[in-house]
Amino acid sequence: VTITTRQLVSHLSGIRHYEKDITKVKEEKEKANRALKLTKSHQDKEQKAKEGKGTENTDCVKQKKEQDSETKTRNSKPGRNDKEFEQEEYYLKEKFESVIESLKIFKNDPLFFKPGDQFLYSTYGFTLLSAVVERASGQKFTDYMLKMFRDLDMLSTVLDDNEAMIYNRARCYIYNKKGRLVNAPYVDNSYKWAGGGFLSSVGDLLKFGNALLYSYQAGQFKNKNSNLLPGYLKPSTVAMMWTPVPKTEVSWDRDGKYAMAWAVVEKNQQYGCCRQQRHYASHTGGAVGASSVILILPEELDPEAVGTWPVAPPRGVIVTIICNMQSVSLNSTALKIAREFDREKQAR
């Protein structure tokens with residue numbers, strides 16, 4: 001078969017994740033689908049019960065309150081597998097000198113499906129992707145990424161190297177089987193630099209989000225402001241990265257689809273004065289002893305206002321959260337924060 005880089009970046013390659021047993025993966029997907037159907041059925045019953053009691057469905061204020069109360073349910077991970085971090089490969093301690101060398105972990109394993117047919121989130125797919133970057137650039141993947149972080153002014157973003165002395169590195173925590181908070185075990189992330197091997201800070205992730213949002217919006221301003229510097233990426237590149245890919249899904253946001261290394265929710269509203277979706281891109285992160293999220297909510301720009309002072313890119317809200325604790329769901333919290341800041345900006 002042929003596996004393309006586009007399939008790798010959208011998790012359509014068929015390469016396994018940490019679970020080697022395809023039967024168990026299918027069972028977990030079926031559980032997730034059943035949980036999603038049950039949740040939708042429960043919401044429909046609640047809605048019918050409210051209508052039977054003469055609920056004032058045309059009241060925008062009440063609809064907004066209902067929307068907020070249901071956010072947690074809609075954005076929660078259906079059929080969440082609490083046993084994910086029991087997979088042995090999360091806790092590898094072997095030191096790999098290159099990403100090419102780390103391919104030996106999975107390179108002889110069978111594909112779970114024909115590339116392009118299905119979606120399966122795969123950290124190892126990104127390990128292979130990092131090997132592609134290494135060969136294409138002619139540099140070690142880690143050197144290539146550190147240079148990019150320097151260009152982006154992300155000077156606190158470094159490799160999660162256990163031997164290095166890293167200023168302000170936080171200690172990570174997990175809950176043990178008795179429910180007590182304990183230090184996270186030692187792991188070596190050299191087998192998955194691209195999929196979860198970097199340390200960063202909230203400030204650096206905000207810079208990263210701003211650079212992407214600036215690149216995304218710069219094309220809308222280029223004819224209005226000749227002094228505008230180009231973005232780090234072309235506007236068309238970011239737009240492509242934030243375009244949902246068919247056959248994909250997102251476990252941490254039911255409204256979203258997976259795009260190219262980002263989860264994306266598209267702008268949508270079916271009924272007046274009812275629930276609406278804003279366009280935003282996000283991604284969560286999970287590792288042994290740590291959780292994170294970055295969410296980018298672009299401002300809906302007025303074409304008439306583009307180019308007039310003080311409007312200039314980036315325009316929108318970026319939220320990032322880093323938590324030194326394992327298995328913390330952060331996407332719905334980030335979305336609530338982004339919406340609060342967005343409403344405040346609109347009120348001004």
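Biologist: Why is Glu300 called partly exposed?

Modeller: This is a predicted model, and the value is computed from it. Glu300 has 45% relative accessibility.

Biologist: Why does Lys267 count as exposed?

Modeller: Lys267 has 60% relative accessibility. Exposed means over 50%. Therefore Lys267 counts as exposed.

Biologist: What makes Lys267 and Glu300 a salt bridge?

Modeller: Their side chains meet at 3.6 Å, N to O. The cut-off is within 4 Å. So the pair qualifies as a salt bridge.

Biologist: Why does the pair of Lys267 and Glu300 tie together separate parts?

Modeller: Look at the two loops. Lys267 lies in the loop between E6 and E7, and Glu300 lies in the loop between E10 and E11. They are 33 residues apart in sequence, so the pair ties those parts together.

Biologist: Which residues do salt bridges with shared partners join into one network?

Modeller: Arg16, Lys20, Glu89 and Asp109.

Biologist: How many salt bridges does a search of the whole structure find?

Modeller: The search finds 16. Side chains of opposite charge can pair when their charged atoms come close.

Biologist: What makes Lys95 and Asp161 one of these pairs?

Modeller: The N to O distance is 3.5 Å. A salt bridge needs a distance within 4 Å, so Lys95 and Asp161 pass. The pair links distant parts of the chain, 66 residues apart. Lys95 is in the loop between helix H3 (60-75) and helix H4 (99-102). Asp161 is in the loop between strand E1 (158-159) and strand E2 (173-175).

Biologist: Is Lys95 buried, exposed or partly exposed, and what is its value?

Modeller: The relative accessible area of Lys95 is 33%. Buried would be under 20% and exposed over 50%. Lys95 is therefore partly exposed.

Biologist: How do you know that Lys31 forms a salt bridge with Glu28?

Modeller: Their closest N and O atoms are 3.8 Å apart. The limit is within 4 Å, so Lys31 and Glu28 count. Both lie in helix H2 (residues 22-52). They are 3 residues apart, about one turn of the helix.

Biologist: Why are Lys31 and Glu28 called partly exposed?

Modeller: Lys31 is at 42% relative accessibility. Glu28 has a relative accessible area of 26%. Partly exposed is the range between buried, under 20%, and exposed, over 50%. Both values fall there, so both residues get that label.

Biologist: Why is Gln7 called buried?

Modeller: Its relative accessible area is 16%. Buried means under 20%, so Gln7 is buried. Gln7 lies in helix H1 (residues 5-9). Among the residues it touches are Leu12, Pro115 and Gly116.

Biologist: What makes the phi of Ala261 and of Cys273 stand out?

Modeller: Most residues other than glycine have a negative phi. Ala261 has a positive phi of about 70 degrees and is not a glycine. Phi of Cys273 is near 65 degrees, also positive in a residue other than glycine. Ala261 sits in the loop between strand E5 (257-258) and strand E6 (263-265). Cys273 sits in the loop between strand E7 (268-269) and strand E8 (276-277).

Biologist: What makes the peptide bond from Pro313 to Pro314 cis?

Modeller: Its omega is near 0 degrees. Most peptide bonds are trans. Pro314 lies in the loop between strand E10 (290-298) and strand E11 (316-323).

Conventions:
Residues are numbered from 1 along each chain as its sequence is written. This is a predicted model: local features need pLDDT of at least 70, side-chain atom pairs count only at pLDDT 80 or more; totals for chains, interfaces and linings use all residues. Side-chain values use heavy atoms; hydrogens and water are left out. Helices (H or I, at least four residues) and strands (E, at least two) are DSSP runs, numbered from the N terminus. Buried means under 20% relative accessible area, exposed over 50%, partly exposed in between (1.4 Å probe, protein chains only). Contact means heavy atoms within 4.5 Å. Lists of a residue's contacts leave out its neighbours within four places in sequence.
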